[in-house]
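Trainee: Could you take me through this protein step by step? I would like to begin with the sheet and then turn to the core.

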Amino acid sequence: LWSDKDLMEVGSLAGNDRFAGSVNFYTAHDGLQRLAETLRGFPAAIPDVRVIRLGEWAENHSVGGLEFTLMCTGIRGQAMARIRMRQHGVGELGEDESVDFLTEVEPSAVDRFVGMLSLCGPRPGAEARLSLVCSP
């Protein structure tokens with residue numbers, strides 16, 4: 001969305017069969033690269049849990065944040081994503097809004113997502129998509 005010499009603004013949209021949300025947040029220029037490196041090679045074993053936070057989570061900030069967790073646990077080794085988004089001070093009342101949901105992911109989709117993230121860099125208009133498994 002926006003970039004200067006120190007930060008870039010990132011927009012994120014996510015949803016599953018029941019919940020959806022969007023958030024804009026600021027991160028360092030290497031924020032998306034750090035996300036890609038954290039997720040690279042997922043899952044490496046069972047269990048495998050990877051968490052990264054981007055943006056701001058403190059209540060006194062006027063921007064939002066994204067927390068992205070990938071986990072592969074249990075006997076079946078099912079891969080799941082937990083996505084938490086929070087936008088501070090939304091609308092005329094200045095209320096915080098948030099969404100928090102789980103959804104199944106395919107490890108091969110994570111690999112493709114990591115590849116797209118690696119190409120994004122701090123350039124406006126760059127895009128990366130993680131395909132989620134939705135219920136029939």
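Predicted model: local features only at pLDDT ≥ 70, side-chain atom pairs only at ≥ 80, totals over all residues.

Trainee: What is the strand order in the open sheet of three strands?

Mentor: The order is 1-2-3, with antiparallel pairing. Strands (E, at least two residues) and helices (H or I, at least four) are DSSP runs numbered from the N terminus, and two strands pair if DSSP finds at least two bridges between them.

Trainee: Why is one side of strand 1 and of strand 3 left without a neighbour in the sheet?

Mentor: Strand 1 (2-3) and strand 3 (20-28) are at the edges and have a single partner strand each, so one side of each lacks a neighbour.

Trainee: How many bridges join strand 5 to strand 6?

Mentor: Nine bridges join these antiparallel strands, and Leu66 stands opposite Met85 in strand 6. In their hairpin, with four residues between the strands, Gly74 takes a positive phi near 80°.

Trainee: Now the core: which residues touch the most other members?

Mentor: They are Leu35, Leu39, Phe68, Leu70 and Val110, in the largest nonpolar core of 30 residues. Such a core is a set of buried Ala, Val, Leu, Ile, Met, Phe, Trp, Tyr and Cys residues joined through side-chain atoms within 4.5 Å; buried means under 20% relative accessible area (1.4 Å probe, protein chains only).

Trainee: Which helix gives the most to this core?

Mentor: Helix 2 does, with six residues.

Definitions and conventions
Residues numbered from 1 in each chain as written. Heavy atoms only, no water. Buried < 20%, exposed > 50% of the residue type's maximum accessible area, 1.4 Å probe, protein only.
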